[in-house]
Amino acid sequence: MSSETLNPRVPFSFELYPPRSESSQAALHETVRRLAAAGPDFISVTYGAGGSTGGRSLEVLRFIREHTDVEPLAHITCVGNTYAGAAALIREFLDAGILSFLALRGDPPAGHEEPFLGDLESAAQLVQLIDRVQAERSPYEEAPVPGLPGAATVGARRKATVAVAAFPNGHPRSTHRWQDIDALLAKQAAGASSAITQLFFHSDDYLSFVEKARAEGVTIPILPGIMPIVSPVRLARVLELTGETLPSELSIALDVEPTPEGRHEIGVEWAARLAREVVAGGAPGIHLYAFNQHHTVLTVLEEAGVLPAARMR
């Protein structure tokens, strides 16, 4: 285990997905508590293809907001959404006190092929819609005045922050790798405040993408998204979903290791090395895909020197 930290404070965050059944909800709540205790900047909750887990997403976001001190971040997608439907969903999140979003174009739900877009054709349009809905819903905030029934002070509302996705190795539907930088520039112009990358397997993928993006005018922070791959099955599934190139060294190491414990250690070590290298290269933090489990991602942060071992207990 690493005994030194990379920096006095390296920001980090986690992604979770809604529970797929009532029985898994209690376990997810415990995971939220354990992740929150580590002190992340935010915990994001996925929305599901075509909004398939929308209600449960909001339940998890509410739990994070009401039971921890961590900022909850809601995913919202264009796919299958009308303007009216997306606006209603955004209002529902805002009514629950959610002020951080990740605006995504999204993928079609299972069984549907492209195209499956609704009225919203890009994440940039969704970024603008979130801002518009909030402005229409609450142009200012009121706070009661103690001791004066019916009186209130009026102040500027807290503006919602909207992150977007970035693709270091290109989106599977891109015609060329750097098309994604053009898309990122459009999202930035629409009002995005930061970006989170899809997973990658080599630090140079992220660092070269950021360098190119900066040269083209992208100024918003670009958080590296890192996923601990702890089994050949998970690796195969991730490659199927993302279109990433097979990382042969990691694939071989996972295939030849006979024990689940050994494969877990290989995956954690790979992810921790990625984290160390991208932070050393200037990354503004680390975003970890947690698969609704706390132990693996917390161990990655410890191994990377981002999180002291004492914070895991």
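How many bridges join strand 7 to strand 8, and do the two run parallel or antiparallel?

1. The model is predicted. Strand 7 covers residues 161–166, and four bridges join it to strand 8 in a parallel arrangement. Within this pairing, Ala-166 stands opposite Thr-197 of strand 8.

2. Strand 8 also pairs with strand 9, which spans residues 222–223. That pairing is parallel too and has two bridges. Here Ile-196 faces Leu-223 of strand 9 as its opposite residue. Strand 8, helix 6 (residues 203–216) and strand 9 together form a β-α-β unit, and the unit is right-handed.

3. Are the two faces of strand 8 buried or exposed? In a regular strand the side chains alternate between the two faces of the sheet. Ser-194 and Ile-196 lie on one side of strand 8, Ala-195 and Thr-197 on the other, and all are buried. Both faces of the strand are therefore covered.

4. Thr-197 belongs to strand 8, residues 194–197. Its relative accessibility is 0%, so Thr-197 counts as buried; the cut-off for this is under 20%. Beyond its neighbours within four places in sequence, Thr-197 is in contact with several residues, among them Ala-166, Pro-168, Tyr-206, Ile-222, Leu-223 and Tyr-289.

5. Ile-220 is placed in the loop between helix 6 and strand 9. Although it is a loop residue, Ile-220 counts as buried because its relative accessibility is 7%. Ile-220 is 26 residues from Ser-194 in sequence, yet the C-alpha atoms of the two are 5.1 Å apart. Ser-194 is also one of the contacts of Ile-220, along with others including Leu-184, Gln-188, Ala-195 and Arg-214.

6. Which residues touch the most other members of the largest nonpolar core? They are Phe-101 and Ile-286, in a core of 95 residues. Helix 9 (residues 260–280) gives the most to this core, contributing eight residues. In soluble globular proteins, nonpolar side chains tend to be buried together. Leaving out residues up to four places away in sequence, Phe-101 touches, among others, Leu-73, Ile-76, Phe-93, Ile-130, Thr-161 and Val-162.

7. The count of aromatic pairs comes to three. One involves Phe-12 and Phe-14: the ring centres are 5.7 Å apart and the planes meet at 65 degrees, so this pair is edge-to-face. An angle over 60 degrees is what places a pair in that class. Phe-12 and Phe-14 are both buried.

8. Two arginines sit over aromatic rings. Arg-20 lies over the face of Tyr-17, 4.6 Å from the ring centre. The charged end of Arg-273 is over the ring of Trp-270, at 4.8 Å from its centre.

9. Most residues other than glycine have a negative phi. Phe-291 is not a glycine but has a positive phi of about 55 degrees, and Asn-292, also not a glycine, has a positive phi near 60 degrees. Phe-291 is partly exposed, because its relative accessible area is 24%. Asn-292 has a relative accessibility of 15% and so counts as buried.

Key: Residues numbered from 1 in each chain as written. Predicted model: local features only at pLDDT ≥ 70, side-chain atom pairs only at ≥ 80, totals over all residues. Heavy atoms only, no water. Buried < 20%, exposed > 50% of the residue type's maximum accessible area, 1.4 Å probe, protein only. Contact = heavy atoms within 4.5 Å. Core = buried A, V, L, I, M, F, W, Y, C linked by side-chain atoms within 4.5 Å. Pairing = 2+ DSSP bridges. Right-handed = clockwise from strand over helix to strand, strands pointing away. Phe/Tyr/Trp six-rings, centres within 6.5 Å; stacked < 30°, edge-to-face > 60°. Lys NZ or Arg CZ within 6 Å of the ring centre and 35° of its normal.
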